[in-house]
Amino acid sequence: MEKIKKITKMKLFLPIFSMILVMLINVVYDIAAGNAPLSFFTISINNGILYGRLIDVLNRGSEVAILAIGMTLVVSASAGTDISVGSVMSLSGGLCCMLLAGYGVTNVSEYNVPLWVGMLAGIATACVCGLFNGFLVAYMNIQPMVATLILWSAGRAIGLLLCNSNIVYVRVPSFQFFGGYCGIIPTPIIIAAVCVVIAGLVLRMTALGTYIQSVGINKRASRISGFNSAKIILLCYVICGLCAGIAGLVATCRIYSADTNNIGLNMELDAILAVALGGNSLGGGKFNLAGSIIGAYTIQAITTTLYALGVSSAQAPVFKAIVVILIVVIQSEAVRAYFKKMSAKRAAAKEVVKA
Amino acid sequence: MKKKLALLLITAMTVSALTACGKSAAPAEETAQVQDEAETEDEAPAQDEASSEDETSSQDTAPAADGELIKVGFAQVGHESDWRAANTKNYQDTFSAENGYELSFVDCDNDHAVQIETVRGFIEQELDYICIAPIQSAGWDTVLQEAQDAGIPVLIVDRAVDADPSLYTTALGCDMVAEGEAAGNWLAEYLGDKEANILVIEGSVGASATLGRTEGFDNILAQHDNWTKLDSQSGDFTQAGGQEVMESFIKTYGNGGFNVVVCQNDNEAYGAMDAMDAAGITYGVDGDVQIISFDATHDGLQYTLDGKITCNVECNPLQAGFAEEVVKKLEAGEAVDAWTLVKDEAFVAPGIESQYAITMSQEVLDGRAY
């Protein structure tokens, strides 16, 4: 009993619980449909690569997981969200492909400039976008949503201009590698894992995490205690831009083309939802990076589940909305308080019986 | 005191609302005019007879040899795709001065307000015919009424409007249902009596192309008892979407569980092919799975020529000829149909002969306008 209590009190309990709940839907469905009950969780090696729905979840969830890192920091430090990340993804992918293919060219099978130049340029542009957002929020004191609204609309448009409103294809194996397979493992999974590990290590090993949280809890008090609050907020937005750039390149390499109209479309909302599903308050302050990452994969698990269940595409959004509402409600303060009260009552009843 | 305050607020709100309206209308008009001017400037060097391009006084300067030019206005959607670019070029080529037309072409850049103002501009210039490729289907009643009052025939092209058909002269465009039926008819001919286990990757939910192509294909599906539609999911008309949906399909139905994949545009087909490559499933003419795709873009037809996409049904952008046909009929005083169908072709991989489709070859690909 004590052990269970300890587990349920862990910070990550609810996010993990929600994710398992989503995956359990598949088990119930598989049993009802007469399939092997654990078919959702089976991983095999097929045609020389890892194969299974769990792999799909990890693979397809990579972009949102990478975005969730930056979004968590931005939410924590500035109590606001960066809604430009989807557009910045498109911009970074568009610029990268434009450089690799040459302006106005829509289909190449060899690079115009070395691969690293294109990738670096894409990521650097994304960082500049982050710098711009951060400057507006930290130094101009503009509401985060308003400040990032500028690039939300402009980022994708600039990407379209760079690609001359076309889909630019870069059909080179070394470019496709970053969206394809590294040995038997899908490369996006590795990229996401590396990003998460680096972010985790930096936040753990240095005092950055503590600085960000203290700025988020009280900006003025932090400044008075000697932190450069504005600089820390700026840094968070730059990291968020960096993450968007990496995610954009992953999405671009996946389809070896810059589909600027569609890359990262509405993904800012998924990233924000991931932060919320991870049990983080969108009001800023304390954050839990692992929660956000789990949240990101939960969102993908819902999508993959809908495909597995064969829910028709017209009804899928409704189904998704219901699941999301359930998860958010389970994690809400009111429900938590209710369960606390119930367990306290039970404990009190036990005391009475004992007495 | 409170009443006074409320009154003050209401006045303030009305005033601000009015000024807001004025502001939003003015730039729209300006842009439309600017685009008009830019257009005339652009057109002049583009055409051989550079003298005859002034819209307001064309009657005086028009080349006498051709008689009076027929003035046609075209409010185009924008330039969002290769398809649209081919569509625009087709109109500019067809309604050229050599053919006896003076075309006022305006690219409305996907802005509904600009498009409405453009059409108003056409009415003020007293053009002979107005072609509209509507950006959105709603909100056309007023301006169509204005055109009718001015006695200018209006052709709704490419897309549909939500307005009473009596307000415009005729409409023309592709029939998405017919495209779906063409794909189904070809498949029936290709498979013969063999059974089909079909997976469908749909386009964006609710898009007219998605609805029409689904309906058309399902019509043919219903006629065949040994055809099964295993599943259909939306891939949002994107390559990434098609790939993700196909990955999931493969896991659900397994290698060998299906033999036909219908993708509702070419980009989805590219994604589906990537997913099947990764899973080691063979597709195409020599493979286990036949892919049917729509749109027939240049890249898509290249895949058809390579035998990877077995059948590709086009959505024809070369619609201007059909519009010219209508204009000619109206000039001659003949009656026109309320709806003109733009004929779509289907293309099949080399080695397949079909009464519903053209067999692909390098010449066919080279001969394509886009």
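Chain B and chain A of this predicted model bury about 2400 Å² between them, 39% of it on carbon and sulfur atoms (accessible area lost on being put together, 1.4 Å probe, summed over both parts). Of the area that chain B buries against chain A, 25% is supplied by Gln233(B), Glu244(B) and Lys251(B), more than by any other three residues. The contact (heavy atoms within 4.5 Å) takes 30 residues from chain A and 28 residues from chain B.

Between the two chains, 3 salt bridges were counted (a side-chain nitrogen of Lys or Arg within 4 Å of a carboxyl oxygen of Asp or Glu). In one salt bridge, the side chain of Lys251(B) meets that of Asp56(A) at 2.9 Å, N to O. On the side of chain B that touches chain A, two or more residues each come from strand E7 (227-234), helix H8 (239-253), helix H9 (266-279) and helix H10 (298-305) (DSSP runs, H or I of at least four residues for helices and E of at least two for strands, numbered from the N terminus). H8(B) gives the most, with 10 residues.

Within chain A, Thr187(A) lies in helix H9 (residues 187-205). Thr187(A) has a relative accessible area of 4% and is therefore buried (under 20%, 1.4 Å probe, protein chains only). Not counting residues up to four places away in sequence, Thr187(A) touches Phe177(A), Phe178(A), Gly180(A), Tyr181(A) and Cys182(A).

Residues are numbered from 1 along each chain as its sequence is written, and chains are lettered from A in the order in which they are written. Local features need pLDDT of at least 70, side-chain atom pairs count only at pLDDT 80 or more, totals for chains, interfaces and linings use all residues, and side-chain values use heavy atoms, with hydrogens and water left out.

Terms used: Buried area = accessible area lost by both parts, 1.4 Å probe. Buried < 20%, exposed > 50% of the residue type's maximum accessible area, 1.4 Å probe, protein only.
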